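Reader: I'd like a close look at just one part of this model. Could you walk me through one chain and then the face its neighbour turns towards it?

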Amino acid sequence: MNDFPLFPRQASTIAVDIDRIYIALVLLCGLTALAIVVTIIVLAFKYRRSAVGAYSPEVSAPFWLEYIWTTVPFFIFMGIFFWGAWVYFRAYRVPEDATDVYAVGKQWMWKFQHEGGQSEINDLHVPVGRPIRMIMASEDVIHSFFIPEFRIHRDVIPSRYSFVWFQATKAGKYHLFCSQYCGTDHSKMIGTVYAMEPEDYQNWLSGGVKGSATEEGEKLFQSLACITCHTGDSSGRGPVLAGLFGTTVMLSDGQRVKADENYLRESILNSTAKVVAGFQPIMPNFQGQVDEQKLIYLIAYIKAMKAPDLNPGAGQQTPTGRGSANPLVTVPKEPGQPGTNSAGGSMTTVPAASPPPATPARTSTASPGSPQE
Amino acid sequence: MTTTTVHDNLIPPSERAEPGPSYLSDGHTVASWLLTKDHKRIAILYLVSITFMFMLGGFFAFMMRLELLTPQGDLLTSDTYNKFFTMHGLIMVFFFLIPSIPATLGNFLLPLMIGAKDLAFPRINLLSWYLYIIGAGFGLFVVLFGGVDTGWTFYTPFSTQYSNTWVIPITLAAFIVGFSSILTGLNFVVTTHKMRAPGMTWFRLPLFVWSMYATSLVMMLATPVLGITLMLLIIERTLRVGIFDPALGGDPILFQHMFWFYSHPAVYIMILPGMGVISEVIAAFSRKRIYGYRFVAFSSLAIAFLGFLVWAHHLLVAGISIYSAMIFSFLSFLVAIPSAVKVFNWTATLYRGSISLDTPMLYALGFLGFFLVGGLTGLFLAALGLDVHVHDTYFVIAHFHYIMVGGAVMAYFAGLHFWWPKISGRLYPEFWGRLAAMVTFVGFNLTFFPQFVLGYLGMPRRYHAYVPEFQVLNVMSTAGATVLGVGYALPLFYLLWSLKYGKIAGKNPWEAVGLEWETSSPPPTQNFTETPVVTWEAYQRNLPEVLIERG
């Protein structure tokens with residue numbers, strides 16, 4: 001980098017688009033401003049009092065000028081508006097094949113959880129050339145996830161997940177800033193993003209991992225006794241969770257909601273807020289018992305539960321694309337083997353007491369030694 | 001002589017008859033000031049109060065800039081820095097910018113400009129000032145006894161749960177001072193409707209009055225929402241009722257919606273009066289009627305109206321849906337149009353004028369430059385995709401300082417210099433005035449222009465320490481702030497000096513048009529010896545022999 005840069009490096013797919021608007025606007029607005037300033041200076045000089053005398057003639061104003069300088073800016077503004085909106089859509093519309101990484105912001109640090117089990121503090125390792133979706137929540141106040149070189153930015157809010165995605169294009173180290181004021185050490189809430197070539201990333205992934213997020217989630221699922229009601233078959237007191245993620249759920253008040261991360265989160269922490277049709281509001285609230293980290297594990301586990309083909313009538317869920325488009329790192333292997341779990345098998349012992357329709361399908365992914373490319 | 005706007009000026013001050021007791025000489029006791037119901041004296045009370053607050057807010061700003069000379073946070077502690085930017089914002093917004101032009105120049109001039117003896121409710125006017133003082137008292141208490149660190153935006157749940165500072169006194173301060181601005185707005189609206197002199201039709205009103213009217217509407221309609229929001233914040237913080245804090249079942253984004261529903265229109269409370277001042281100054285120093293008078297007048301109302309519909313552009317990265325983001329982006333572009341119309345009309349006014357670059361005009365032209373940059377960079381922020389990158393960075397800081405400091409404060413100084421002879425009866429030294437205007441212009445650009453670049457590079461706002469690659473631009477900015485400080489300090493000295501030593505101004509030193517220039521300087525307590533009857537259009541020159549028909 002030179003000593004006096006005017007632009008941050010372009011290190012994501014979206015960076016080019018955003019820089020293009022920026023440069024276009026700098027040119028457009030710069031020239032407009034220059035034209036007006038020059039006009040003002042010329043007029044102020046030409047019609048200076050010492051040159052034109054103490055009195056100015058009344059000038060009859062051509063009325064059409066007003067319409068021109070009202071409508072011309074309008075059309076120019078609309079052009080910028082549509083361009084900006086188009087880029088915004090791209091910046092926030094997540095590609096189907098994105099890899100999920102969980103982030104938790106807290107005063108004054110960033111915690112990251114990869115579904116394969118790696119967790120990091122203030123460092124985030126991501127591969128180049130693959131879309132990454134950040135699923136982010138805050139443990140305390142509002143933070144904001146901002147990587148200038150990627151031109152992405154999203155507030156991280158307590159009580160709900162927010163999402164942002166990016167695809168790094170250049171390997172390197174980048175700053176991750178918290179850009180929403182969050183208290184004393186706001187300005188020290190700076191992380192480092194390591195964008196790595198795919199091979200390096202694989203090497204990094206295979207280093208020292210305890211257990212995948214789904215494995216941790218499975219343990220919690222049992223230790224918190226979720227399993228006693230969500231037995232996994234339709235006779236349980238709680239709805240079947242296998243295959244739930246990404247589907248549309250009918251609630252007892254007749255509304256329909258999409259079972260996304262925020263729905264799962266709310267249903268765990270504040271279960272009576274949205275009760276599934278046909279079930280009693282008997283589930284205890286886990287607010288205060290499950291912190292953000294555990295929540296990530298649980299949600300990763302629930303997302304990984306696959307709907308069994310044998311039992312399609314259970315619940316109201318209809319599988320949709322999103323449910324399967326939520327891959328862990330073994331994405332390419334997924335489509336070939338839906339519903340079964342031959343790839344890893346580390347989760348086959350799931351609910352010891354119940355017949356397992358809730359067999360998690362994609363769990364083994366990044367545990368050491370699992371098949372990876 | 002057919003142009004009588006000038007003739008009074010031809011009489012040397014020494015030969016002029018005593019203009020009767022001016023409002024300044026009408027009582028010299030402390031009580032005659034503190035219990036006055038004269039809008040002009042109340043304007044002076046405000047002027048003194050907000051000048052003090054401006055210096056206090058400026059002190060905090062300067063300490064911040066000093067801290068940012070080096071990347072390490074080595075001058076102040078993090079907590080102190082956080083308190084300083086919070087108090088800088090709170091004081092400048094609530095105790096300086098919002099009352100600045102309306103409560104001083106507006107208070108002083110609105111009745112004069114429409115030919116009235118006073119505002120419609122003189123007692124309420126005095127009450128507004130006392131409310132301001134009570135609010136400011138709470139604010140000063142907070143400043144003296146440890147400060148507050150929430151940021152002027154009070155975002156929840158930080159402000160309701162996590163901040164360990166004087167949140168409640170400072171929110172009470174803003175709550176109370178809000179009533180001051182509601183009452184001022186009410187007073188101005190009623191005055192404009194009911195107290196215009198005979199013949200002063202709506203389209204004969206000076207544009208300053210139009211902009212005051214638009215501002216007053218916003219003050220009355222938006223400020224109560226702030227009051228409600230702050231009250232809810234206080235309730236949540238004290239009684240732990242879940243409104244905004246998710247841990248209690250509240251919604252933190254709700255706070256942002258409610259806060260910006262006031263605070264975005266508040267930006268227009270700050271800039272609209274400035275636009276009114278600029279219209280007056282440009283008309284006076286070009287000796288011309290403002291080009292497109294009706295368009296300029298209605299654009300004020302359009303800004304006031306559209307200003308209510310753009311608040312959620314502050315939440316574009318907070319997780320609002322992409323569709324509502326689109327709507328708010330669209331509306332934000334729309335609100336830029338009436339502002340553009342004003343700039344074009346001001347520029348066109350210069351055409352075939354008789355232009356002199358006296359101090360107020362220099363400030364006004366500086367305003368045009370700043371407002372251009374501030375307005376155009378607003379387009380950057382309204383463009384959704386681009387906002388994703390520059391949101392909450394120094395780009396935003398630079399943008400709104402160009403509007404609120406470059407724009408509103410330049411206009412305030414333009415107006416102060418323009419009407420100073422009317423207010424004080426004295427002329428300030430022109431050389432020093434021009435010098436101050438130019439120093440301010442240079443200092444301001446040097447302070448804030450580098451911040452656009454800093455923002456695009458990604459320096460987040462409210463950072464006490466920063467990564468070393470941002471240092472060069474920060475040093476430039478701090479250097480500029482030093483120059484800017486000199487520019488702002490100069491008028492304090494020469495204006496005060498002029499009170500005693502300045503040349504007697506006479507009725508109309510600029511040969512401007514407007515009822516306020518038809519009465520003596522400083523005006524008598526009753527403003528006009530006889531009620532004026534208006535028979536001419538706004539800014540109309542080459543007036544008939546008899547200006548004011550004796551009513």
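**Chain B and what touches it**

Author: Chain B has 551 residues, so a compact globule would have a radius of gyration near 24 Å, and its 23 Å agrees with that (over C-alpha atoms; the rule is 2.2 Å times the number of residues to the power 0.38). Bear in mind that this is a predicted model, where local features need pLDDT of at least 70 and side-chain atom pairs count only at pLDDT 80 or more, while totals for chains, interfaces and linings use all residues. Residues are numbered from 1 along each chain as its sequence is written, and chains are lettered from A and ligands numbered from 1 in the order in which they are written.

Along its principal axes, the C-alpha atoms of chain B fill a box of roughly 75 × 45 × 45 Å. Inside are 15 helices and two strands (DSSP runs: H or I of at least four residues, E of at least two, numbered from the N terminus). Of the 551 residues, 63% are buried (20 or more other C-beta atoms within 10 Å of their own, placed from the backbone). Among chain B contacts with a separation of 6 or more, 84% link residues 24 or more positions apart (contact: C-beta atoms, placed from the backbone, within 7 Å).

Now the neighbour: 73 residues of chain A are in contact with 71 residues of chain B. On the chain A side, the largest share, 16 residues, comes from α3(A). That side splits into 46 nonpolar, 17 polar and ten charged residues (nonpolar: Ala, Val, Leu, Ile, Met, Phe, Trp, Tyr, Cys and Pro; charged: Asp, Glu, Lys and Arg; polar: the others, Gly among them).

Note on methods: A residue is buried if 20 or more other C-beta atoms lie within 10 Å of its own, exposed if 12 or fewer, and partly exposed in between; C-beta atoms are placed from the backbone. Two residues are in contact if their C-beta atoms, placed from the backbone, lie within 7 Å.
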